[in-house]
Amino acid sequence: MPSFDLISDLHVDFWVRPSWNPIFSAQQLHRLLKAVVPDIPSQVLVVAGDVGHINKQNVTLLRKLAEVYRHVLVVAGNHDYYLQTPAERHKYKYRSALRVDELRRMLQRIPNVHFLDGSCVKVDGVTYGGCTMWYDFQYGIQILGGHYARIYDHWKQHSNDSRFIAGPAGWLEELIREEKRKLGRIVERADVIVTHVAPDWSRVPEGRELERSTSYYYFDAEPYRKHAEGKLWCYGHVHRRDDYVRHGCRFVNGSLGYPHELHGAPLPAVQIRFGDA
């Protein structure tokens, strides 16, 4: 039975700290790769976003993974849009989308790495389709009974996305609309749907059910639900692994997360077999 490996939220620059010593950096990267690649890897690896904050480092990691896997499928996460320094903001002209465009071009030079951005790729008879997708504040509106304006103001004050993602006025609303269009293009065609942001809020981590910030981790997938029945939906963003079936769709989260969340011991990618529940 075919299988694939799934991981997200690698946040590689937290595991492989920048160093003046390239040997030390290479050793850190080697340890991370050894930890996250299963003993017997599948032929396909799905990376559901948040590779890291530095494109060059992200590509180095993905190139190494492409030496292990026959195919590596990647979607961008919200952290892959971050411009954290004045130099980065200047380089990318205060447009986070330009950083993602650069990452896409860099990955195109690696033949067996596929950047999914409202697109699909077929491997061994299985169609994988993906995009970043984005939170739409609907958790706060529908579950917490909040108003969009108040949730938006809270996001502006408390979310790192509002600090480190740059774009023209109204970029957030346009990004949400564009990601919904991309998801609409692939959800019917794909056997495996990949988004970074979580499509189902039935498994909110304990203690976060009443927090406004939970609105920044999920989107309302109701319009896509009928097309997802009988399929696999892989996601990340929420740093908690999960594997369950709801509305006839199997949802799998293969997040890694930050070193402090794992006491410095990274977990291997999740191995998924079709037909398992």
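Which residues in helix 3 meet which residues in helix 5? The legends below refer to a predicted model, and the first one gives the answer.

**View A. Contact between helix 3 and helix 5.** From helix 3 (residues 55-68), the contributing residues are Asn 55, Lys 56, Asn 58, Val 59 and Leu 62. Facing them from helix 5 (residues 96-108) are Arg 99, Glu 102, Leu 103, Met 106 and Leu 107. The two axes come within 10 Å and cross at roughly 30 degrees. Angles under 35 degrees count as roughly parallel, and helix 3 and helix 5 are therefore described as roughly parallel to each other. Their crossing is right-handed.

**View B. An aromatic cluster.** The cluster is formed by Tyr 81, Trp 134, Tyr 135, Phe 137, Tyr 148, Tyr 152, Trp 155, Trp 171 and Tyr 216. Across the whole structure, a search finds 19 aromatic pairs. In one of them, the ring centres of Tyr 152 and Trp 155 are 5.4 Å apart and the planes stand at 35 degrees, so this pair is tilted.

**View C. Tyr 152 and Trp 155 in helix 7.** Both residues belong to helix 7 (residues 148-158); because they are three residues apart, about one helical turn separates them. Tyr 152 is partly exposed, at 24% relative accessibility. Trp 155 is buried, with a relative accessible area of 1%.

**View D. Arg 203 over Tyr 244.** Arg 203 lies over the face of the tyrosine, at 4.1 Å from the ring centre.

**View E. Arg 208 over Tyr 217.** The charged end of Arg 208 sits over the ring of Tyr 217, 4.6 Å from the centre of that ring.

How values were computed. Residues are numbered from 1 along each chain as its sequence is written. This is a predicted model: local features need pLDDT of at least 70, side-chain atom pairs count only at pLDDT 80 or more; totals for chains, interfaces and linings use all residues. Side-chain values use heavy atoms; hydrogens and water are left out. Rings of Phe, Tyr and Trp (its six-membered ring) pair if their centres lie within 6.5 Å; planes under 30 degrees apart count as stacked, over 60 as edge-to-face and the rest as tilted. Helices (H or I, at least four residues) and strands (E, at least two) are DSSP runs, numbered from the N terminus. Buried means under 20% relative accessible area, exposed over 50%, partly exposed in between (1.4 Å probe, protein chains only). A charge sits over a ring if NZ of Lys or CZ of Arg is within 6 Å of the ring centre and within 35 degrees of the ring normal. Axes are lines fitted to C-alpha atoms, for helices over the stretch in contact, and angles run from 0 to 180 degrees between N-to-C directions. Angles under 35 degrees count as roughly parallel, over 145 as roughly antiparallel, 65 to 115 as roughly perpendicular and the rest as oblique. A crossing is left-handed if the near helix is turned anticlockwise from the far one by less than a right angle, and right-handed if clockwise. Contact means heavy atoms within 4.5 Å.
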